[in-house]
Amino acid sequence: MPVGATGRSLDELTLGHDMRLEELVDREALAEMTRSVYDLFKVPLRIFSSDGKLLADAAEPIALYGYLNTLRSARVALHDIAGIVKSLDPGSEGGIVHPCVTGALYRIVAIEYDSRRIGRMVLGPFVPDNMQTPPRSLFDLDPEIEIERTIQLFAEAPHASEERVLYMGQHLSRMLDLILFSGHRSLLTSNMHLASVRESFRELEDKNSKLQQAYDRLKELDRLKSNFLATVSHELRTPLTSIIGYSEMLVENLAGDLTDEQREFVQTIRDKGEQLLQLIKGLLDLGKLESGTMSLRKNYLDVPRLVRDVVATMAPTARKKDVELVHDVEAGLPQIWGDAERLRQVLLNLTENAIKFTPARGKVSISAALGAMDAAKPDDAGGIVILSARRTAVEFRVSDTGIGIPQGERDRVFDAFYQVDSSSTREQGGTGLGLSIVRRLVDGHDGLVRIEDNEPSGSVFVVTIPVKRATLG
Ligand code: ADP
């Protein structure tokens, strides 16, 4: 059951069980109303909650009572009367009248809302109009009482007819009814609003915890998948090395001469074995990168040498496909802080893709120039941007004039096993692992990789690697 602002259930609040006067009306509005009624009738007026708490008090000090309170026995008697007035049951119609030791009267009227008693008002003390002198009993109250002074002060005390005070009570009840009605309505509205907010919050919390459980489970499954891939890849590599080794020995006639056809078959076994080995190496790399167990051996590296090395390695492949391969390294580049073998792997992968997805007579170019790390770098959770100082960097660009990558696919191609699903891509074969390894290796160098359009066709992979080693802390 929804619970409202006061800790009670919504049903309790809407049905009005245990309503409290102080909850329903604004204290200031109550004070203003009692003051205005006092100004009109000049009879003291107090409003109490059902448990006797004074909520509003519109009365000016009465000199008679001030004087009597200075006398010990009189003070005790007045105190007793006040206690009785606060606890007497006023009934429900118009209230009851209770006399004071001074001869003045109190009218006590119940405050009800929706047939429920929620407080009381006390009108008085007032001296009835027809009473000129105090009762004799007042003079007997305290041996030190000064009779003349008492009579004088009695005459100055508030006077009113009993009918007038009865009317005053009725008038006040009607005004209170109006205030209570609107107060109750706004209390209900705000409590219901609060209860519904609490309910939505609880539902959100529920959903959140379910999402967290699902996320934890997925993470665990992902970890199991990575472990499985790593184990299987490792176990596959050993027999594969033998297959490649033995087929190489066969091709080299170490087991006797082969016919041309036999040689061709064995050569195919070797080539496919080699392809499989590359895939397994990729899986092992990815596994290590995902689990964070790949250690990068970083040093200051010479950029022109790195680019020249990649071009030299890829030149035969480009030539075979009739793709022009050029490079351009800006003079005077600073050294970069990185793992030579792994950065070479990054550039080789991008160049291999560039050649693979470029038709004959196309062009692939690798360039390196001075650049800067973007001031903002998306964090791991994605979306949130962490601001960091601008850092000098070297920007590598691998451009091709090939089929290009549609804008909507540019993020996804970095996912493991993802390939742009077009027949032209599929024709080229491949595993879809290369770019995910590239991105992780670039991340490991505090760098960034992005894809741009090449004009008029093709794509450009831009890799930015900071020049300085990252300072710790
Ligand atoms: P693979 O090349 O083995 O399929 P990658 O992870 O290297 O795996 O690439 C993923 C996909 O990204 C490729 O299958 C291809 O669809 C697309 N792609 C990568 N490089 C290029 C490029 N230079 N031009 C066009 N598409 C590319």
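## Cavities

A cavity is a set of grid points where a 1.4 Å probe fits but cannot get out. In this predicted model, a search of the whole structure finds two cavities of 30 Å³ or more. The second largest cavity holds about 30 Å³ of space.

Its lining consists of Ser226, Leu229, Leu283, Leu286, Gly287 and Glu290. Helices H8 and H9 each give two or more residues to this lining. H9 has the largest share, with four residues.

## The largest pocket

The largest pocket has a volume of about 1,800 Å³. Its lining counts 50 residues. Gln278, Asn349, Glu352, Asn353 and Lys356 lie nearest the centre. Two or more lining residues come from each of H8, H9 (260-291), H10 (303-320), H11 (340-356), H13 (434-444) and S15. Here too H9 gives the largest share, 12 residues.

## Salt bridges

The structure holds 22 salt bridges. One of them joins Arg440 and Glu290, with the closest N and O atoms 3.8 Å apart. This pair links distant parts of the chain: Arg440 sits in H13, Glu290 in H9, and 150 residues separate them. Arg440 is partly exposed at 34% relative accessibility. Glu290 is partly exposed as well, at 29%. Glu290 also lines the second largest cavity.

Other pairs lie within a helix. Glu341 is partly exposed at 48% relative accessibility. Elsewhere, salt bridges with shared partners join Glu395, Arg397, Arg450 and Glu452 into one network.

Strands S14 (residues 448-453) and S15 (residues 459-466) pair in the antiparallel sense over six bridges. Glu452, a member of the salt-bridge network, has Val460 in S15 as its bridge partner. Five residues lie between the two strands of this hairpin. In the turn, Gly458 has a positive phi of about 100°.

## A nonpolar surface patch

Leu218, Leu221 and Leu224 make a nonpolar surface patch of about 280 Å². Leu218 belongs to H8 (residues 162-251). Its relative accessibility is 56%, so Leu218 counts as exposed, the cut-off being over 50%.

Technical notes. Residues numbered from 1 in each chain as written. Predicted model: local features only at pLDDT ≥ 70, side-chain atom pairs only at ≥ 80, totals over all residues. Heavy atoms only, no water. Patch = residues over 30% accessible without salt bridge, like charges linked within 9 Å, V, L, I, M, F, W, Y side chains within 5 Å. Areas by Shrake-Rupley, 256 points an atom, 1.4 Å probe, with all protein chains shown as cover. Salt bridge = Lys/Arg side-chain N within 4 Å of Asp/Glu carboxyl O. Buried < 20%, exposed > 50% of the residue type's maximum accessible area, 1.4 Å probe, protein only. Pairing = 2+ DSSP bridges. 1 Å grid on protein atoms, 1.4 Å probe; cavity = no way out; pocket = protein on both sides within 12 Å on 5 of 7 lines; lining within 4 Å. Points joined across faces, edges and corners; volume = space filled by probe spheres on them.
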